Amino acid sequence: MTRKRLGVLALLVSTVVIFALPAFSLGKPLDLSGARDALVQAGQEVKGGLKSTVDKTGKKVAATVEKTKRTVKEKAATAKTRATATDPLHQPPLHGSNPHGQGNVAIVDLSPKNDRPLDADPDGSGSGEDVIVGRPRGEKDGSGRFHGHITIAALFGNELAGVDSVQGQTTHGPLQGLQTGVLDPLCKGTGGPPNGVCLALLKADSTSTANGSTNDFAVARAAVLGLNVNAAEAGGNIGEDAKCQTSAGAARTANVTTSGGVIAGVANSSSKSESCAGSAPKVTNTSEVINLGGTGVGIPAAGCANGTPDTDAGLPGLLPIVCNAEEIAGAAAVREALDVFALQTGTNSLLKETT
């Protein structure tokens, strides 16, 4: 390349540099302080975000570990106190050894276990119960905190729908929006109970506080022009104060009432236990299979009419039926309104249906 061509090329390059980098052409240094500050800030944000994420993850892991420890501890304690029923037809089971109140509308159990107590898992997976409908439960767990749960329905160890409340929480069932948005205004607009048109569908309300847990379930409640029709209701509650602890469970399959009294009732039971410092525990159990006009009906046996505990009926061995099955041990109590068994041999049966 000739010296002339080199000169032209140098001129072109210098022109490009001058126009492309005016700061350098004017002798000014490039200011990188803004970029440096941005990088420092970005680094701090990443560090802070990472720390927050790690902290949250750590807390979740710790909570999960603690919950697992409590579950293992509670199940181990239950296993130590678990016995075997020698007469399962007349020894209805508790569920778990924690203080609790529990109700249950209906249970179907293929090849029922004779463990006493049964496992307290709400879905029935630990107890082996195959179909559960309407099981509200309020309990005081191994850590001393109150907890509520309502199993709306469970099938073969899988809960299909349920409601849960921890201490300081209130929760509701899946139709709460319909209830507050449509049904409650309808009731209020027609005058309210007892003469208005009031309806509740698939009610499942669970509230747990530092003093107890209340849990209310119903498939349907209707009040129309003074007539009340309730279907598949249950409650499981526990509460305590400085002196006493009280738990209660109840289940009512179907009832028709007016302000004047009962028109008809089917398979209703309740159990209440009170333990107070310095006194013996008090237990109150009630149940009835069929009630017409306020009077019990002796079906399928005479003792089924008046709540006589452990009344036998049905066909022994083939299809045993027990009305008012009851178990009381100190402050622990169970009452089931109606149990139907199939093919009972010794202490084993093919099926148990509890209403």
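A search of the whole structure turns up three of them, a disulfide being a pair of cysteine sulfur atoms within 2.5 Å. This is a predicted model, in which local features need pLDDT of at least 70 and side-chain atom pairs count only at pLDDT 80 or more, while totals for chains, interfaces and linings use all residues. Residues are numbered from 1 along each chain as its sequence is written, and side-chain values use heavy atoms, with hydrogens and water left out.

**Helix 4**

- Helix 4 covers residues 176–189; helices (H or I, at least four residues) and strands (E, at least two) are DSSP runs, numbered from the N terminus.
- The 14 residues of helix 4 should span 20 Å at 1.5 Å a residue, and the 18 Å between its end C-alpha atoms agrees with that; the expected span is 1.5 Å times one less than the number of residues.
- At Leu183 the helix bends by about 35°, and a proline, Pro185, follows within four residues; the bend is the angle between axes fitted to the seven residues ending at a residue and the seven starting there.
- Gln179, Leu183 and Cys187 are buried in helix 4, where buried means under 20% relative accessible area with a 1.4 Å probe, protein chains only.
- The buried residues of helix 4 pack against strand 9 (197–209), with contact meaning heavy atoms within 4.5 Å.
- After helix 4 comes Gly191, whose phi is positive, near 105°.

**Cys187 and Cys198**

- The sulfur atoms of Cys187 and Cys198 sit 1.9 Å apart in a disulfide.
- Cys187 belongs to helix 4 and Cys198 to strand 9, so this pair ties together parts 11 residues apart in sequence.
- The S-S torsion here is about 65°, so the disulfide is right-handed.
- Cys187 is buried at a relative accessible area of 14%, and Cys198 also counts as buried, at 10%.

**Cys244 and Cys276**

- Cys244 is joined to Cys276 with an S to S distance of 1.9 Å.
- This pair links distant parts of the chain, 32 residues apart: Cys244 is in strand 12 (residues 244–258) and Cys276 in strand 13 (residues 261–276).
- Both cysteines are buried, and their S-S torsion is about 115°, so the disulfide is right-handed.

**Cys304 and Cys323**

- Cys304 is bonded to Cys323, S to S 2.0 Å.

Key
Buried means under 20% relative accessible area, exposed over 50%, partly exposed in between (1.4 Å probe, protein chains only).
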